[in-house]
Amino acid sequence: MELKGKRIALGVTGGIAAYKAAELVRLLVKQGASVQVAMTEAATHFVTPTTFQALSGNRVFTDQWDSGVANSMAHIQLSRDADVLLIAPASADFLAKAANGIADNLLTTLTLARDCPLLVAPAMNRQMWTNPATQRNMATLLGDNVTVLGPASGEQACGEIGDGRMLEPEEILAEVIAHFQPKLLKGRSVLMTAGPTFEAIDPVRGITNLSSGKMGFAIARAAREAGANVTLVCGPVSQPTPRGITRIDVTSALEMHAEVLKRAANQDVFIGVAAVADYRPKIVAGQKTKKDGAPPPVIELVQNPDILADVAALPQPPLCVGFAAETQNLAEYAEKKRRAKKIPLIVGNLIQDGFGGDDNTLILFDDGGQQPLTPAPKLELARQLTARIAFLLENPNAPH
Ligand code: PMT
């Protein structure tokens, strides 16, 4: 229930993506939001108001001159009641009017009369999107602090391929949730690692571990929600990339080390969430190793560089945060790692809670001692960790 108590005015304009707005309403309501839909006349040709009424549980507004609304002032009432005005899909026509302060129907009027932030999810043909007029309008809207969600690129209803697809309802939902998070890391840069590494033995085998990347991706999302510019270097995982994050895929610890060290000097924060293999095979066989009745091969290992320790040893290191997953003696081992790597904060988790699952149990260790966090979904814990990091950035000399 990430949107519990939030009031969202959803404007639907005319376009084939209007059918996706129905799913969006369902998702918003499922997250606890109260959704009030207003449609343009054109939108009603694609989806009926009855659909939105059924999904939102609220009356749908389509007419500026609706005599059923107090003083016929539907536009004022809608903008007074909302925490956010979201237009999805936002047509080229709507965006042009919004950019120029035109108020000639219910939706454009309530946009102009609003007393809350405006989020728009453009949806149109690629030529309309790239048309200089539309791009001028988008620049105006961005300059007016309107949040623009998308558009995505891909196949369009007209059969063409290019920019202009509306974001998927799940993506818009994530952006609405992000909108309500405090911007504790606004303007900060965060570099992170996540997932496992894979150390090749031969072309088809290797040494790896069970990290799914979920914890790291949750932190990346939370940091971006908090306003940070996030770069995520990740090992082989199948997690979808949260929107707005720069993702760099690597396989081995050596690759991860190289990609991180290339970027670390200019960052405000580095968070090592990856379960990096401590060792790699000294020799990687060029061909698949065969049994052929020979005795089992002995694989000689060499140590991988320690990414976190190397970042912490930079002349002007970012604020470094490590993770420690342990099967036993969590406090002792986590604290030992924190001191060995010379980092201010390490996050410990017992392995049975950490790898693969959606929930986790974390304990923060710093100079001030330990602070257990209540077991929770990884995203919730990621937000708490983000808040802690923001505090440390703002108060570098505070007793931790
Ligand atoms: O991905 P999930 O399934 O959600 O699981 C999340 C997790 C359990 C993998 C994650 O929460 C976690 O605990 N990651 C750290 C695992 C660990 O214990 O790593 P470590 O003890 O090997 O390393 C300690 C710290 O040094 C970590 O921040 C690690 O990223 C870093 N390190 C380690 C070795 C190395 N060569 N370079 C490093 O940077």
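Which atom in the side chain of Lys378 is 2.7 Å from an oxygen atom of the ligand? An N or O atom of that side chain is. Keep it in mind for the last stops.

This is a predicted model: local features need pLDDT of at least 70, side-chain atom pairs count only at pLDDT 80 or more, and totals for chains, interfaces and linings use all residues. Residues are numbered from 1 along each chain as its sequence is written, and side-chain values use heavy atoms, with hydrogens and water left out.

**Stop 1: the two domains**

Select 7–179 for domain 1, then 189–394 for domain 2. These bounds come from an automatic or database domain assignment. The C-alpha centres of the two domains lie 39 Å apart. Their contact (heavy atoms within 4.5 Å) takes 8 residues from domain 1 and 5 residues from domain 2.

**Stop 2: the interface**

Select Glu175, Ile177 and Ala178. They supply 65% of the area that domain 1 buries against domain 2. Buried area is the accessible area (1.4 Å probe) that two parts lose on being put together, summed over both.

**Stop 3: the ligand**

Select the ligand. Show Ser211: a polar side-chain atom there lies 2.6 Å from a ligand oxygen atom. Next comes Leu308, with a polar backbone atom 2.9 Å from an oxygen atom of the ligand. Finish at Lys378, whose side-chain N or O atom is 2.7 Å from a ligand oxygen atom.

How values were computed
A polar contact is a pair of N or O atoms within 3.5 Å; within protein, one must be able to donate a hydrogen and the other to accept it, and residues adjacent in sequence count only if both atoms are side-chain atoms.
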